Amino acid sequence: QKFLKQKKIGAVMFDDLLDKGKTIIEQLEYIRDQVYYAFVIITPDDVGCLREDMQKIAQMVIGKKSVSVETVNKIFESLPERGRQNVIFELGLFTGALGRENVCCLLQKNVRDTPTDIDGILHKSFDRSVTEIFHEIEDELKENEFEERGRHK
């Protein structure tokens, strides 16, 4: 948000909103109605897998009196890191509301499990911090011709 403010672009951040008794979806709808362009940041905060993968994991531990640290680590490593499901939902919400040309997904590189449909949405990857791609975000904003007050031309 500081980055966008330095560029004199108005930004609405979900975390900065007072809930005023509104549900999360109502807050998202409010944001949706206030913006012309959205950046959605996906980081590997969750893990997930298919049911068949869980069956393979179960076979690693069923019938054992104890499970070694190595086995537990192997299980954790086998679970694909993914973005939180609410963030994936928000990506879809903003893509549907604003059009995919007005949404940019900022995707941390170690997210291994992403929706396959994300390939149709502009996304920029970073290693550890979104600050690594601020220059790309700035280019994206210029390309989309944002005026100083943050509105799309």
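This is a predicted model: local features need pLDDT of at least 70, side-chain atom pairs count only at pLDDT 80 or more; totals for chains, interfaces and linings use all residues.
Start with the overall picture. The protein has six helices and five strands, and from the N terminus on these elements follow the order α-α-β-β-α-α-β-α-β-β-α. The chain counts 153 residues, and 31% of them are buried. Among contacts with a separation of 6 or more, 64% come from residues 24 or more positions apart.

Next comes the sheet. Three strands make up an open sheet in the order E1-E4-E5, and the pairing is parallel. Strand E1 (38-42) and strand E5 (123-126) sit at the edges, each with pairing on one side only. Ignoring direction, neighbouring strands here are turned by 20° against each other on average. As for what holds such an arrangement together, strands of a sheet pair through backbone hydrogen bonds, whether parallel or antiparallel.

The bridges can be taken one pair at a time. Strand E4, residues 103-108, is joined to E1 by five bridges, and the two run parallel. Along this pair, Phe39 stands opposite Cys104 of E4, while Val40 faces Cys105 of E4.

How many of the six residues of E4 are buried? Six of the six are, so E4 is largely enclosed by the rest of the structure. Both of its faces are covered: Val103, Cys105 and Leu107 are buried on one side, and Cys104, Leu106 and Gln108 are buried on the other.

H5 lies across E1 and E4 and runs at about 160° to E1. Helix H6, residues 134-143, lies across E1, E4 and E5, and its angle to E1 is about 155°.

Two packed helices are described by the angle between their axes and the distance between the axes. Take helix H2 (residues 24-34) and helix H5 (residues 85-98): their axes are 11 Å apart, and the packing angle is about 40°. The crossing of H2 and H5 is right-handed. On the H2 side, the contact is made by Ile25, Leu28, Ile31 and Arg32; on the H5 side, by Phe89, Glu90, Leu93, Phe94, Ala97 and Leu98. Sorted by class, this contact of H2 with H5 has eight nonpolar residues, two charged ones and no polar ones.

One residue of this contact can be followed further. Leaving out residues up to four places away in sequence, Leu28 touches Phe14, Phe89, Glu90, Leu93 and Phe94. Glu90 lies 62 residues from Leu28 in sequence, yet the C-alpha to C-alpha distance between Leu28 and Glu90 is 7.9 Å.

The other helix pair is H3 with H4. Helix H3 (residues 51-61) and helix H4 (residues 69-78) have axes that come within 11 Å and cross at roughly 175°. How are H3 and H4 oriented, roughly parallel or roughly antiparallel? Angles over 145 degrees count as roughly antiparallel, and H3 and H4 are therefore roughly antiparallel to each other. Ile57, Met60 and Val61 of H3 make the contact with Thr71, Lys74, Ile75 and Ser78 of H4. By class, the contact of H3 with H4 has four nonpolar, two polar and one charged residues.

Note on methods
Residues are numbered from 1 along each chain as its sequence is written. Side-chain values use heavy atoms; hydrogens and water are left out. Axes are lines fitted to C-alpha atoms, for helices over the stretch in contact, and angles run from 0 to 180 degrees between N-to-C directions. Helices (H or I, at least four residues) and strands (E, at least two) are DSSP runs, numbered from the N terminus. Angles under 35 degrees count as roughly parallel, over 145 as roughly antiparallel, 65 to 115 as roughly perpendicular and the rest as oblique. Contact means heavy atoms within 4.5 Å. Ala, Val, Leu, Ile, Met, Phe, Trp, Tyr, Cys and Pro count as nonpolar, Asp, Glu, Lys and Arg as charged, and the others, Gly among them, as polar. A crossing is left-handed if the near helix is turned anticlockwise from the far one by less than a right angle, and right-handed if clockwise. Two strands pair if DSSP finds at least two bridges between them. Buried means under 20% relative accessible area, exposed over 50%, partly exposed in between (1.4 Å probe, protein chains only).
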